[in-house]
Amino acid sequence: MDDPPPQLFFEVFESLPRQGPGNRPSTAKALAHCGDLPSRPRIADLVWSEGAIYNVGLGAALATSLDLLRPGGYFVFTDAVWRTDDVAPEVRAAFSDAPTMGKVSDALDAIERSGFELVEHFTLPEEAWWDDFYKPMLRRIERLRTRHAGDDETLAALDELAAEPEMHRKYGDSYAYEFFVVRKPAVVDLESTR
């Protein structure tokens, strides 16, 4: 899919409750695993990224976050993962901007190699795709179709945007968003343990 014109992209996405898959219960569940955050941090007690890691790739995001965090700090993120080896070509093409996308096991291996400790991971539930993202997005697209009636180029771009939720409806069992909570190991003060 070609990128929609920037103005149309903002018209569709700026008023949505979320700009990608996710929901409050999943966010709260992930945050609950970050139980010992300081109330008054002086350096990064936490790095959070939902739906944006594909921009830099998992390995780069892990390395950058590890450098940003104090010992014992958390990196909490979602990343797209394959759920099966048998992925339709149109789905692979839709995720072409995430060339390092792998399965959950691949992400867990990358986390282990990165120096982070895994705290928890879980798959976003189906309602996290629909309730605050795809359903409002489709309603917004329908309103914009009325506003842009007669503008064939804009209507074609809206059709392309509407294809994403339809692809998820048809092929959503082949991919998912996984929430990961990882922690930079705490430094042990050997002097204080003597």
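You're looking at a chain with 7 helices and 4 strands, and the model is a predicted one. Starting from the N terminus, the elements go α-α-β-α-β-α-α-β-α-α-β. The C-alpha trace spans about 75 × 40 × 25 Å along its principal axes. Of the 194 residues in the chain, 42% are buried. If you take contacts between residues at least 6 apart in sequence, 78% of them join residues at least 24 apart.

**The nonpolar cores**

- In soluble globular proteins, nonpolar side chains tend to be buried together.
- Here, the largest nonpolar core is made up of 36 residues, and Val-12, Val-91, Phe-95, Met-137 and Tyr-175 have the most contacts inside it.
- At least two residues of this core come from each of helix 1 (6–13), strand 2 (74–82), helix 6 (127–147), helix 7 (152–171) and strand 4 (175–183).
- Helix 6 is the top contributor to this core, giving 8 residues.
- Another core, of 15 residues, lies apart from that one, and its members include Leu-62, Ala-107, Ile-111 and Phe-180.
- Back to Val-91: if you skip its neighbours within four places in sequence, Val-91 is in contact with Trp-82, Met-167, Tyr-171, Ser-174 and Tyr-175.

**Helix 1 against helix 6**

- The axes of these two helices come within 8 Å and cross at roughly 125°.
- That crossing falls between the cut-offs for roughly perpendicular (65 to 115) and roughly antiparallel (over 145), so helix 1 and helix 6 are oblique to each other.
- On the helix 1 side, the contact is made by Leu-8, Glu-11, Val-12 and Phe-13.

**Asp-45, a buried charge**

- Asp-45 sits in the loop between helix 2 (24–32) and strand 1 (46–49).
- Asp-45 is buried but has no salt bridge.
- Why no salt bridge? The nearest side chain of opposite charge, Arg-70, is 6.4 Å away, and a salt bridge needs a side-chain nitrogen of Lys or Arg within 4 Å of a carboxyl oxygen.
- Setting aside neighbours within four places in sequence, Asp-45 is in contact with Leu-37, Pro-38, Leu-69, Arg-70, Gly-73 and Tyr-74.

**Arg-169 on helix 7**

- You'll find Arg-169 in helix 7.
- Beyond its neighbours within four places in sequence, Arg-169 is in contact with Trp-130 and Leu-138.
- Arg-169 and Trp-130 are 39 residues apart along the chain, and their C-alpha atoms are separated by 9.7 Å.

Note on methods. Residues numbered from 1 in each chain as written. Predicted model: local features only at pLDDT ≥ 70, side-chain atom pairs only at ≥ 80, totals over all residues. Heavy atoms only, no water. Buried < 20%, exposed > 50% of the residue type's maximum accessible area, 1.4 Å probe, protein only. Lys, Arg positive; Asp, Glu negative; His and termini not counted. Contact = heavy atoms within 4.5 Å. Core = buried A, V, L, I, M, F, W, Y, C linked by side-chain atoms within 4.5 Å. Axes fitted to C-alpha atoms, helices over the stretch in contact; angles between N-to-C directions. Parallel < 35°, antiparallel > 145°, perpendicular 65-115°, else oblique.
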